[in-house]
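Q: I would like to go through a structure with you, one topic at a time. Could you keep the answers plain?

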Amino acid sequence: MKFKKNILCIGAGYVGGPSMAMIAYKCPDCRVTVVDINPARIDAWNSAELPVYEPGLDEIIKKTRSKNLFFAKDIENQIKENDIIFVSVNTPTKTFGAGAGKAADLQFVEKTARQILEHSQSPKIVIEKSTLPVKTALAMERILASAKGKITFEVLSNPEFMAEGTAMADLEKPDRVLIGSRETQSGLKARAELVDIYARWVPAEKIITSNIWSSELSKLVANAFLAQRVSSINSISALCEKTDADISEVARAVGMDSRVGSKFLKAGIGFGGSCFKKDILNLVYLCSYYGLQEVADYWESVVKINEYQQDRFTANILGSMFNTLAGKKICILGFSFKADTGDTRESPAIYITRKLLAEHAQVVISDPKALKNAAIDLASDKGKISYIEDPYSAASGCHALAILTDWELYRKLDFRKIYKSMVKPAFIFDGRNIIDHKKCFDIGFNVYPIGKPALSRFEDQSSV
Ligand code: NAD
Ligand code: UGA
């Protein structure tokens, strides 16, 4: 079959896989190919066990794979054969040299640009889907402009706003699709071509266009604003714990103001995930680079509050359990950075587990989807760690439960049954405020939510 458009995506990760599956699903007359330098990842995309767990993804892959969606390893050949190329490679925080610990490591993006340059034999539209520092497109353009002969490249910015766990719903009904381009004749033509693809299923008023730098910067700013809300509510949760106010009640009252809005006001153990911290630090680096130190400091404080929240949570476990965790068994319920994903990148659970191990606690980790990743994350950590998927078996014989991920299944656990199997006095530290605290207290637990008064049988428990 002859396809109307041939689309390639370089990078078959959490973004590349799901976003291209959605394009293939919505545009049956387009041929969509996804490539990656990691051949095992491509094999997994071609197998029954996809490398990414995302509700609804399996069904869409089943409907499109080998029809108009392909996962391939021959990157060079695919670059030759496709006209529209999305770049969705990883952009981690730099760990070396100038900007180490803050700036984005752009080596994977740059390598991709050079590969495109080397193997292209016809004009291409190259689309930044990865999250990048503002002005990256300039570097891309400069590399691609060194093409010999008549091959021309147009670089667009089309940042991805999906969240893990809800990726398929976000991709199907996005709040907006943002497309940035140069405002030249060829830039506007390329922009229109990409608008046409999204217009197959996204209402016109939700497809917004801008200059290329606004588009690149908007993605960093969107993540910074979202993370800032989480840090804002978490900072207030600390004050609630000192004053007997209840963070859920405060969040509801504040969020009902339509100017504030109710989303992203759930207090917890801090944000995780591969992007919030990385993208804010990238913004901080950019501000410092342009001499805007006050602005950099302002945004850096969002990350500092996030670390503070995780420290507070572990200090509370230690203080409440009589200031010693040595030899005690703590069951961690949930290791992924949020519900409905197996992703553990930058999960607060990694940091909290390490803190507990440093206190010589024994840690039992339970999670419905993230145990494989948890074992990789903690492979070099010393201490007693076990991995048990079934929450009832995991909790049995433990002194405390720490709920670290908001998985729906934890709301519905039979806490009476769990209580019976635990060492007494038994503790629950609800890092996500998802269970019925009063009910658990009545069963016999000492219960410590976030930003609400503890329900404990011990007075002055943390004053030693
Ligand atoms: P990921 O690590 O899951 O996937 C990136 C993939 O790119 C990897 O499989 C890697 O092997 C591949 N790759 C790297 N260099 C390559 C090359 N030269 N040729 C071919 N493949 C190459 O990362 P991700 O979570 O999909 O994120 C990708 C980008 O999207 C990042 O910039 C991220 O900030 C952004 N983003 C992520 C999310 C998310 O929810 N994960 C959401 C929006 C935006
Ligand atoms: C986030 C953004 O929501 C996406 O728009 C963006 O595309 C993506 O980052 C990205 O660039 O990678 P994601 O990290 O997948 O998506 O998940 P979120 O739902 O944003 O949650 C991030 C973290 O904040 C999680 O650890 C979550 O538990 C925490 N969170 C979120 C809270 O603690 N409280 C809240 O009210 C909301």
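Q: To start, where is P425 placed?
A: P425 sits in the loop between α17 (415-421) and β13 (427-430). Helices (H or I, at least four residues) and strands (E, at least two) are DSSP runs, numbered from the N terminus. Please note that this is a predicted model, in which local features need pLDDT of at least 70 and side-chain atom pairs count only at pLDDT 80 or more, while totals for chains, interfaces and linings use all residues. Residues are numbered from 1 along each chain as its sequence is written, chains are lettered from A and ligands numbered from 1 in the order in which they are written, and side-chain values use heavy atoms, with hydrogens and water left out.

Q: What kind of peptide bond joins K424 and P425?
A: The bond between K424 and P425 is cis, with omega at about -5 degrees.

Q: Turning to phi, what is the value for F264, and where is that residue found?
A: F264 has a positive phi of about 60 degrees, although F264 is not a glycine. F264 belongs to the loop between α10 (247-255) and α11 (276-289).

Q: And H360, what is its phi near?
A: Phi of H360 is near 65 degrees, again a positive value in a residue other than glycine. H360 is in the loop between α13 (348-358) and β10 (362-366).

Q: How accessible are F264 and H360?
A: F264 is partly exposed at 39% relative accessibility, and H360 is exposed at 58%. In these terms, buried means under 20% relative accessible area, exposed over 50%, and partly exposed in between (1.4 Å probe, protein chains only).

Q: On to the ligands. Which residues come nearest to ligand 1?
A: There are 26 residues around ligand 1, and the closest are D36, R41, T91, E164 and K278. A residue is near a molecule if one of its heavy atoms lies within 4 Å of it.

Q: Which element gives the largest share of that shell around ligand 1?
A: Helix α5 (residues 107-119) does, with 3 residues.

Q: What polar contacts does ligand 1 have with T91, N90 and Y14?
A: A polar contact is a pair of N or O atoms within 3.5 Å; within protein, one must be able to donate a hydrogen and the other to accept it, and residues adjacent in sequence count only if both atoms are side-chain atoms. A polar side-chain atom of T91 is 2.6 Å from an oxygen atom of ligand 1, and a polar side-chain atom of N90 is 3.5 Å from an oxygen atom of that ligand. For Y14, a polar backbone atom lies 3.0 Å from a ligand 1 oxygen.

Q: How much of ligand 1 does the protein bury?
A: Ligand 1 exposes 820 Å² when taken alone, and the protein buries 92% of that. Accessible areas come from the Shrake-Rupley method with a 1.4 Å probe; for residues, only the protein chains shown count as cover.

Q: Now ligand 2: which residues come nearest, and what gives the largest share of the shell?
A: The shell around ligand 2 has 19 residues, of which F161, M162, K219, C275 and R432 come nearest. Helix α9 (residues 212-243) supplies the largest share, 4 residues.

Q: Which backbone atoms are in polar contact with ligand 2 oxygen?
A: Among them are polar backbone atoms of M162 at 2.7 Å, K266 at 2.8 Å and L265 at 3.3 Å. Taken alone, ligand 2 exposes 700 Å², and the protein buries 90% of that.

Q: C275 came up there. Is that residue buried or partly exposed?
A: C275 is partly exposed, at 30% relative accessibility.

Q: How many disulfides are found in the whole structure?
A: The search finds 0 disulfides, a disulfide being a pair of cysteine sulfur atoms within 2.5 Å.

Q: One last topic: how far apart are A139 and S320 in sequence and in space?
A: A139 and S320 are 181 residues apart in sequence and 53 Å apart in space, C-alpha to C-alpha. A139 lies in helix α6 (residues 136-144).
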